[in-house]
Amino acid sequence: MMKPSIPPRYHSPQIAVDVRLNTNESPWPPPQGFSERLATEMSRIQWNRYPDREAVALREALAARHGIDVSNVFCSNGSNESIQLLLAAYGGPGRSATVFSPTYALHSHLCRLSGTAVEEHWRGDDFALTANIVKSAASADKADVIFLSMPNNPTGTMDDPSVVDAALSGRSLVVVDEAYGEFGSLPSLASRASAENLAVVRTFSKAWAMAGLRLGYTVAGSSVVSEMFERALPYHLDVVKQAAGHAALAFEDEMQDRVAKIRRERERVLAALRELAVTAWDSAANFVLFRPATIDAVSVWNGLVERSVLVRDLSGQEGLVDCLRVTIGAPAENDRFLGALAEVLASGGER
Ligand code: PMP
């Protein structure tokens, strides 16, 4: 049997280092109170029974948080699964999706895996997307799906909300990826998601500090949510995930405190990078994109790894020549990164 051709894998290397700043995780775990509450919930779980197939309690809690109806919420194994299911429903062979690069590479990767054609357009100066760029792409492509990432990974750019209106004016399903939404200053688009062609994708992996849990969700019109349910495996969301997501929502204040600390650190790291004469772009997320002026990105990445600091090398991605991305960590981790980078730059790349 002939094997179908599969696009190259998408991954960031997992290397054992002291300071891991390559996958935009939270440097701190959820609070102790969360673990205690979850332990109590765990002691009540009926392990011999299948989980609630529709995850109603968790979806209701999320609906209440966003002031929407439970029929507008779908929970998934990480937000990536939401994107995969949206493409299973609205993409596929004979259909296409529009992306605005440079952006989260997994959107196009999942398109290719699902047989959806990718129409690639480019962000404007300093990676900003404008309503005009979106409008002309939408009318040229007439794609089935349009991906927006707000804030955008890996550039950190927060686009003007007018780009969403421009995308929504056509007939495409507009998928707004808000994986980093909490780190910006604009409200979530989830409150608008009863619009039938908008799907807002969110995650517990970043601001909620639960990347290990693999829990995400989509807020969308109820017909979109039904399409996702139809394509999900039976009982796709296990009992632990449902209980943990529900328990986490009781610790919103702690989440907001973590986010505030990361935002402060982000501004400090940005200022320090600029002092090192490195180009660094403003960010509304928990990471910063930067380009060292004097040394190529691969040498910088290697120099940092030698000093036990791991960041993401993006220089192989089109439009991101010599760019790297650093996740904002705890203050001491950020200091380690900045110190190591200063050394690498001073050494001129020599090792
Ligand atoms: N969207 C974006 C823009 C991301 O950067 C990521 C994670 N890197 C995800 C979605 C996936 O997150 P999850 O862990 O919820 O699958």
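Proline 151 is located in the loop that runs between strand S5 (145–149) and helix H6 (162–168). In this predicted model, the peptide bond joining methionine 150 and proline 151 is cis, with omega at about -5 degrees. Proline 154 also lies in the loop between S5 and H6. A cis peptide bond joins asparagine 153 to proline 154, and here omega is about 15 degrees. A further backbone feature is found at phenylalanine 127, which has a positive phi of about 70 degrees although this residue is not a glycine. Phenylalanine 127 belongs to the loop between strand S4 (117–122) and helix H5 (131–141).

The ligand is surrounded by 13 residues, of which the closest are Ser79, Asp177, Tyr180, Thr203 and Ser205. By class, this shell comprises three nonpolar, seven polar and three charged residues. Helix H3 supplies the largest share of the shell, with three residues. For threonine 203, an N or O atom of the side chain is 2.5 Å from an oxygen atom of the ligand. The ligand taken alone exposes 400 Å², and 92% of that is buried by the protein.

Helix H3 (residues 78–90) also packs against helix H7 (residues 222–231): the two axes come within 9 Å and cross at roughly 100 degrees. Because angles of 65 to 115 degrees count as roughly perpendicular, H3 and H7 are therefore roughly perpendicular to each other. On the H3 side, the contact is formed by Ser82, Leu85, Leu86, Ala88, Ala89 and Tyr90, which meet Ser223, Val224, Glu227, Met228 and Arg231 of H7. The contact of H3 with H7 has seven nonpolar, two polar and two charged residues.

Glu265, Arg268, Val269, Ala272 and Leu273 of H9 make the contact with Pro331, Asn334, Asp335, Phe337, Leu338 and Leu341 of H11. Divided by class, the residues of the contact of H9 with H11 are seven nonpolar, one polar and three charged.

Key. Residues are numbered from 1 along each chain as its sequence is written. This is a predicted model: local features need pLDDT of at least 70, side-chain atom pairs count only at pLDDT 80 or more; totals for chains, interfaces and linings use all residues. Side-chain values use heavy atoms; hydrogens and water are left out. Axes are lines fitted to C-alpha atoms, for helices over the stretch in contact, and angles run from 0 to 180 degrees between N-to-C directions. Helices (H or I, at least four residues) and strands (E, at least two) are DSSP runs, numbered from the N terminus. Angles under 35 degrees count as roughly parallel, over 145 as roughly antiparallel, 65 to 115 as roughly perpendicular and the rest as oblique. Contact means heavy atoms within 4.5 Å. Ala, Val, Leu, Ile, Met, Phe, Trp, Tyr, Cys and Pro count as nonpolar, Asp, Glu, Lys and Arg as charged, and the others, Gly among them, as polar. A residue is near a molecule or strand if one of its heavy atoms lies within 4 Å of it. A polar contact is a pair of N or O atoms within 3.5 Å; within protein, one must be able to donate a hydrogen and the other to accept it, and residues adjacent in sequence count only if both atoms are side-chain atoms. Accessible areas come from the Shrake-Rupley method with a 1.4 Å probe; for residues, only the protein chains shown count as cover.
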